[in-house]
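Trainee: Could you take me closely through the salt bridges of this model, and through how far their partners are shielded from solvent?

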Amino acid sequence: MGKFDMLITGIGRMVTPPGNSPRFGAEMKEVREIVDAAVAIRDGRIALFGAEQDVRGALAGADIVQSLDVGGRMVTPGLVDPHTHLVHGGSREHELALKRAGVPYLDILAQGGGILSTVKRTRAASEEALYEKARRSLSEMLLNGVTTVEAKSGYGLALEDELKQLRVAKRLNETHPIDIVSTFMGAHAVPPEFKGRSDAFVELIVTEMLPRVAQEGLAEFCDVFCEQGVFSIEQSREILLAGKRCGLRPKIHADEIVPLGGAELSAEVGAISAEHLLAATDDGLAALAARGVVPVLLPGTSFNLGLSRHARARDMIDKYALPVALSTDYNPGSCPTESIQLIIMLASLNLKMTPEEILTACTLNAANALDRGADIGSIEIGKRADLTVFNAPNLAYLPYHFGVNHTYGVIKNGHVAVWDRKEVGAGV
């Protein structure tokens with residue numbers, strides 16, 4: 001059998017969705033559970049897993065470099081957070097009173113608040129300051145059990161400031177245990193200097209920003225805030241198709257506030273994911289299903305904004321057989337939280353998702369929203385050894401016992417990144 005870098009034993013319950021592909025509709029409830037399990041790791045990847053007795057038998061005589069007993073705790077695939085606005089300057093707690101007074105977000109944006117407030121702070125921040133702020137947030141995510149994060153730009157809204165955000169994300173990917181997938185979102189808002197000239201800003205994105213981002217290899221995806229008063233369907237289509245020509249696959253902030261048709265557009269342009277979708281119509285959801293677009297739902301945002309309306313997760317799963325994913329939407333305005341475990345609770349409470357569906361949405365389907373399903377998101381031989389160890393007896397305990405962090409340990413690429421609730425760097 002040769003040498004194995006790590007043998008993880010004492011797993012009270014191992015729970016994972018199966019396979020590499022997205023899990024559609026009713027498939028999201030189908031998870032693999034192994035009681036008294038073990039995992040063997042070699043070269044940062046899963047080499048063997050199953051009942052501990054069987055794994056130990058198969059490894060008889062093998063050279064095990066490190067043994068790790070998780071003390072009867074539950075182990076899942078490392079969690080994936082596929083929609084965040086990780087790199088930004090400042091915060092927006094000063095808007096809290098407006099939100100609690102019921103002022104709509106689009107009205108706050110029109111007054112120069114919202115995204116535009118963060119743009120001002122991000123433009124003023126140094127690259128080093130942005131790096132340190134985002135690094136702290138990444139570590140919070142890691143302590144919550146997250147091993148892969150998507151990071152969108154969109155708080156620069158000018159060429160050099162957008163590049164600054166993306167360079168910070170690239171540097172973090174090289175220096176932090178969490179893997180970062182970068183998305184260019186220059187079309188997050190129309191900056192003040194282009195007020196009343198949104199078409200001119202779209203032209204700048206298409207002719208200058210996108211080619212430069214692609215030239216420097218700073219992003220894998222292109223996103224746009226397709227919303228009333230921000231970017232129209234026509235403008236969004238132009239940006240996303242230009243991104244495709246530059247080699248950036250489309251994502252869309254779609255139908256978050258107004259049913260504008262963003263879901264239909266995401267299907268039309270071949271987007272990998274459509275995100276938010278609180279106002280998506282039946283036609284929009286049917287279009288997503290027809291093209292296999294992953295809906296990324298963000299229940300923390302509607303919760304924090306005090307909305308009574310939530311994304312129609314049950315219809316997406318039961319009626320349209322969609323492969324729902326979940327994410328924090330970590331950002332400084334509408335959802336300033338790094339806690340994926342808060343999202344797990346809200347998905348149960350407000351989206352009426354089962355624990356098994358939630359796990360699939362936070363692992364394999366989230367990985368497929370980032371085109372990473374072949375590499376992460378489930379416990380399978382050959383996949384990256386990204387694992388989360390929960391101080392919980394079963395999946396239902398995670399949304400049931402809310403308001404606390406259940407993560408005990410995190411294995412990232414076969415190395416211990418968190419143990420006993422602490423970030424440990426080189427391992428234990």
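Mentor: Lys152 counts as buried, with a relative accessibility of 2%, where buried means under 20% relative accessible area, exposed over 50% and partly exposed in between (1.4 Å probe, protein chains only). Glu150, at 0% relative accessibility, is likewise buried, and its side chain meets that of Lys152 in a salt bridge, at 2.7 Å from N to O; the term requires a side-chain nitrogen of Lys or Arg within 4 Å of a carboxyl oxygen of Asp or Glu. This is a predicted model, in which local features need pLDDT of at least 70 and side-chain atom pairs count only at pLDDT 80 or more, while totals for chains, interfaces and linings use all residues. Residues are numbered from 1 along each chain as its sequence is written, and side-chain values use heavy atoms, with hydrogens and water left out.

Turning to another pair, Arg372 forms a salt bridge with Glu220, their closest N and O atoms being 2.8 Å apart. Arg372 is partly exposed at 23% relative accessibility, and Glu220 is partly exposed with a relative accessible area of 28%.

A further salt bridge joins the side chains of Asp282 and Arg312, at 2.5 Å from N to O. Asp282 is partly exposed, with a relative accessible area of 36%, and Arg312 is partly exposed, with 27%. Salt bridges with shared partners also connect Glu150, Lys152, Asp223, Lys251 and Glu275 into one network, and the count by this rule comes to 29 salt bridges.
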